[in-house]
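Here are my notes on this model, jotted down as numbered points. Have the viewer open while you read.

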Amino acid sequence: MAKGFSTRAVHQRGHKDAASQAVTFPIFQTSTFGQATPGQPTEYMGRKLSYARSENPTRTALEDALAEVEDAQHGLAFASGLAAVACVMNTLKTGDRVVACADLYGGSYRMFTRVYAKLGLEFDFVETTNLDCLRAAVEKPTTLVWLETPSNPLLNVTDIAGATEIARQAGAWSIVDNTFASPYLQQPLKLGADVVLHSTTKYLNGHSDVIGGALLTDSREKWDELKFVQNACGLIPGPQDCYLVVRGLKTLALRMERHCDNAEAVAAFLESHPKVSRVYFPGDAAHPGHAVAARQMRRFGAMLSFEVHGGLDSARRVMENLRLFTLAESLGCVVSLVNHPASMTHASVPRDVRLSVGIADGLVRLSIGIEDAEDLIDDLAQALETA
Ligand SMILES: *Cc1c(COP(=O)(O)O)cnc(C)c1O
């Protein structure tokens, strides 16, 4: 019988160092591996060990553990989420066209428009929350459909099954950046995606002490193609970082349940607060993506945004007066974080573009950690008094 999520996350395909039977998979801090005869590398865990850019057992342990939690056949680990994005881009060629969701992660948007567009790849950004917009966009020949859901910072939700089906019928392959949900809450491969991408920097590692990325797929052909680029372009993570993500993954289910419990409590508090004018949280029945999120996610995640009456000045006072929430970029760690999209994560987006997609000057984004919900609410309550 198929094992449950937590069992698979803890056991991680049963990898053990064969020589020592160490319960925790070791860090292979080495750049190369000796050979007994020229051209005959040692085989270990089904991989040929020659040079550590090509194969490192700690990385193999992580890649298999990542594949296990995403319920994928094959995994690859990268030096960062953006290194995983770059790996995908390097499998494309001049003239290929990518249709991506409009509110794409800023770093992916910057790479597409400022690095790969000048190499002759074509990018179009469309409102994928509306499948008719996507259907219209793929009428022109399309190589790849790039999705991200829930999105940043407004938590817009795209119907993954619907969107990947439109991609397939148009002859394109599809990728879902699953960073905001984590594989515990959402499994895009089961909903028709060809590849899943993660910034493991966020929930998968979860402790804000690693930058890392991942690609997962059921297609051996896609994996071979991506693995070739991973090695050819040297996009790999170091073994210590692999070890930390292997460790983080073991508690993913526990952490996500607590993250979600806390986020639901915080969202309910903010929704009833007189100084809060609007809350963006897919768990809220009034959120436009609520029904789709309820269908394709286990729970609604732990990212939420809100606006306060009085706009930017009020919002700034709230952010400055929070004590448990750290004002910082990034998300998905055990510590709660607060972010001001207009001046931080989305500062590079021109103001009129930002406003046109609904990111107000005073919008505040929260990444809810695993502290006690009452303490997070108390902190927000005292900070909102200053608004
Ligand atoms: C952070 C993030 C990335 C980029 O990952 P890095 O590890 O910072 O390079 C990509 N996509 C999403 C949705 C992210 O939140």
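1. Leaving aside its neighbours within four places in sequence, which residues is N262 in contact with? The partners are I368, G369, I370, E371, A373 and L376, where contact means heavy atoms within 4.5 Å. N262 itself is found in helix α9, residues 252-271. Its relative accessibility is 3%, so N262 counts as buried (under 20% relative accessible area; over 50% is exposed, in between partly exposed; 1.4 Å probe, protein chains only).

2. Some housekeeping. This is a predicted model, so local features need pLDDT of at least 70 and side-chain atom pairs count only at pLDDT 80 or more, while totals for chains, interfaces and linings use all residues. Residues are numbered from 1 along each chain as its sequence is written, and side-chain values use heavy atoms, with hydrogens and water left out. Helices (H or I, at least four residues) and strands (E, at least two) are DSSP runs, numbered from the N terminus.

3. Have a look at strand β14, residues 364-367. V364 and L366 point one way, R365 and S367 the other way, and all are buried. β14 runs antiparallel to strand β11 (residues 303-308), joined by four bridges, and L304 stands opposite L366. Strand β13 (residues 337-339) also pairs with β14 in the antiparallel sense, over three bridges; there L337 has S367 as its bridge partner. Pairing here requires that DSSP finds at least two bridges between two strands.

4. Next, the open sheet of seven strands: its order is β3-β9-β8-β7-β6-β4-β5, with mixed pairing. The edge strands, each pairing on one side only, are β3 (74-78) and β5 (122-126). On average, neighbouring strands of this sheet are turned by 20° against each other, direction ignored. Inside the order, β4 (residues 97-101) and β6 (residues 144-148) pair in the parallel sense over three bridges, with V98 opposite L144.

5. Helix α4 lies across β4, β5 and β6, running at about 150° to β5. Axes are lines fitted to C-alpha atoms, for helices over the stretch in contact, and angles run from 0 to 180 degrees between N-to-C directions.

6. Finally, α3 (residues 81-89) packs on α4 (residues 106-116) at an angle of about 40°, with the axes 10 Å apart. The two are therefore oblique to each other (under 35 degrees is roughly parallel, over 145 roughly antiparallel, 65 to 115 roughly perpendicular, the rest oblique). The contact is made by L82, V85, A86 and M89 of α3 and G107, S108, R110, M111, F112 and Y116 of α4.
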